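These are my notebook entries on one structure.

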Amino acid sequence: MHLAAFLNAGPQGTVGWRHPDAGTGFLTAEHYVRIARILEDARFDMAFVPDSLAVPRSLGGSFDPAVRWGTGTPRLDPLPVITVMAAVTRHLGLAATASTGYQQPYNLARTFATLDHLTGGRAAWNVVTSFQDAEAQNFGQDALPPRAERYGRAEEFLEVTTRLWDSWSDEAIVHDRESGVFGRPDQVEAIDHVGEYFRVQGPLAVPRSPQGYPVIVQAGASPSGRDFAARWADVIFCSHESLESGIDFARDLRRRVAERGRDPRQVKILPAVTTVVGKTTADAEAAHRAFADLVTPEAGLSRMAYHVNVDLTQYDLDGPLPPLAEVGVEGHYREIVEFAEREKLSIREIGRWYGARTEGNMVGSAEAIADTMQQWLEAGAADGFMIQATHVPGAFVDFTERVLPELRRRGLVPTEYAGTTLRENLGLDRPERGEWRNRAASTAPVGVGR
Ligand SMILES: Cc1cc2nc3c(=O)[nH]c(=O)nc-3n(C[C@H](O)[C@H](O)[C@H](O)COP(=O)(O)O)c2cc1C
């Protein structure tokens, strides 16, 4: 069972900052250093930092609710945050979110290859296509481009990035002091890419990094998002409202991966879970109720509107949620619909639930939570989990002190790091130079069982 930790570079969750055990230092390096140490001591595979390139404005077209309730804002830049965490750890993998919508592939290829060198192969990139109009409006656009266009650009972005990572062979540096020869030009090549969105000559100014490609994480849940993930992702991050939808999602994704000619075991699926642990189930439920009471309906609505990129104030908030045509995060919208159809609640009530829920709540004793995690693993819905703390560092401490010993007792998680790189710890092969051809949409699939 692989373990990753979902950590905002800002206040955690919707109301995590209000919790009495939440740290207040999310604008300081010490906060991230402390959490990095907790996670490495507990032998987490990876810390994962999400991102947003705007102060959310979805609710009522204003940033007022986001600022007032601290939903989705503030957000520090994840890249310096994980760099700070890298400097105080030796094994922990470090994933930063970066959007293909508003960057150039050369910049991101360079940044992540640099991080992979500096960390000895512990870097990961969560590839997102972004989902808010407010983000597009910070980069010269009127609104979020349609999904097909976002994924079209992302596809070309990944092709260029991986080709740049492959532009140096692993043998390119000779470093021969005697002869004065530093490198072998025949082991370095330009990419000369001319496409719809990018023109990039290459080569990259950073040699091939310890992992070949930093680990690629993806969380798209729409059909285009799943195809994109099946081609490019090493790790898939998702969230579900029930075990059944988790099983369906994993089955569908593994099928898409195999159709692409990739080995489905080389793609790790990590559903998000929020664990609230108590001595007994009743204790845990009481702790979760106390946490849920911190959520104002407005804060919950603000978070929901931010994730679906729809101004919910255009509807009667005391009526049912109508079907939404084009949403921001398809995965979160599916969970909302599944919950709303089951519970028959108004928009306002759904918002309140959504604010307190974070993703995939598991509320109970350590044994009960371990049972559920084991069930997801054995049902094929997960290769591990993204632990999404309600508040930090408190909920990570609760998880590592209470749930982790129970998972260890069952032999479900290793007690030592298996290797030195994140790929080794996740059981992922290091890509050969030229692997991009097996993944890119512009090249033919090479067939199952390659
Ligand atoms: C659990 C989860 C976490 C996500 N985290 C982020 C994030 O931190 N930043 C971001 O811009 N998008 C995030 N996304 C959005 C997606 O990765 C994706 O780019 C977006 O949802 C559009 O793709 P889709 O419609 O295929 O889901 C997340 C999605 C899910 C399901």
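The model is predicted, so I took local features at pLDDT of at least 70 and side-chain atom pairs only at pLDDT 80 or more, while totals for chains, interfaces and linings use all residues. Residues are numbered from 1 along each chain as its sequence is written, and side-chain values use heavy atoms, with hydrogens and water left out.

**Entry 1. Ligand site**

I asked which residues are closest to the ligand. The ligand is surrounded by 20 residues, and the closest are Pro50, Asp51, Arg147, Tyr151 and Ser222.

I sorted the shell by class, with Ala, Val, Leu, Ile, Met, Phe, Trp, Tyr, Cys and Pro as nonpolar, Asp, Glu, Lys and Arg as charged, and the others, Gly among them, as polar. The shell residues comprise eight nonpolar, eight polar and four charged.

I then looked up the elements behind the shell, where helices (H or I, at least four residues) and strands (E, at least two) are DSSP runs numbered from the N terminus. Helix H6 (147-165) and helix H11 (330-343) each supply at least two residues of the shell. H6 gives the most, with three residues.

Next I listed polar contacts, meaning pairs of N or O atoms within 3.5 Å; within protein, one must be able to donate a hydrogen and the other to accept it, and residues adjacent in sequence count only if both atoms are side-chain atoms. A polar side-chain atom of Ser222 lies 2.5 Å from an oxygen atom of the ligand. A backbone N or O atom of Thr129 is 3.0 Å from a ligand oxygen, and a backbone N or O atom of Ala221 is also 3.0 Å from a ligand oxygen. On its own the ligand has 620 Å² of accessible area, of which the protein covers 96%. Accessible areas come from the Shrake-Rupley method with a 1.4 Å probe, and for residues only the protein chains shown count as cover.

**Entry 2. Ala124**

I looked up Ala124, which lies in strand S4 (residues 123-128). Ala124 counts as buried because its relative accessibility is 0%. Leaving aside neighbours within four places in sequence, I found Ala124 in contact (heavy atoms within 4.5 Å) with Met46, Leu94, Ala95, Ala96, Phe112, Val215, Val217 and Leu422. The C-alpha atoms of Ala124 and Ala96 are 6.5 Å apart, although 28 residues separate the two along the chain.

**Entry 3. Salt bridges**

I counted a salt bridge where a side-chain nitrogen of Lys or Arg is within 4 Å of a carboxyl oxygen of Asp or Glu. By this rule there are 27 salt bridges.

One of them joins the side chains of Arg147 and Glu330, at 3.8 Å from N to O. Arg147 lies in helix H6 and Glu330 in helix H11, so the pair ties together parts that are 183 residues apart in sequence. Both Arg147 and Glu330 are buried.

Another pairs Arg208 with Asp170, with the closest N and O atoms 3.3 Å apart. This pair links distant parts of the chain, 38 residues apart: Arg208 is in the loop between strand S8 (199-200) and strand S9 (215-218), and Asp170 is in the loop between H6 and strand S5 (173-176).

In helix H8 (residues 243-259) I found Arg255 and Glu259 four residues apart, about one turn of the helix. Their closest N and O atoms are 2.9 Å apart in a salt bridge. Arg255 is partly exposed, at 41% relative accessible area.

**Entry 4. Backbone geometry**

Most residues other than glycine have a negative phi, and most peptide bonds are trans. I therefore noted the following cases.

- The peptide bond from Thr73 to Pro74 is cis, with omega near -5°; Pro74 lies in the loop between helix H2 (64-69) and helix H3 (78-87).
- The peptide bond from Val392 to Pro393 is cis, with omega near -5°; Pro393 lies in the loop between strand S13 (384-388) and helix H14 (394-409).
- His175, in strand S5, has a positive phi near 55° and is partly exposed at 49% relative accessibility.
- Asn309, in the loop between helix H10 (297-308) and H11, has a positive phi of about 55° and is buried, with a relative accessible area of 15%.

Note on methods. Near = heavy atom within 4 Å. Buried < 20%, exposed > 50% of the residue type's maximum accessible area, 1.4 Å probe, protein only.
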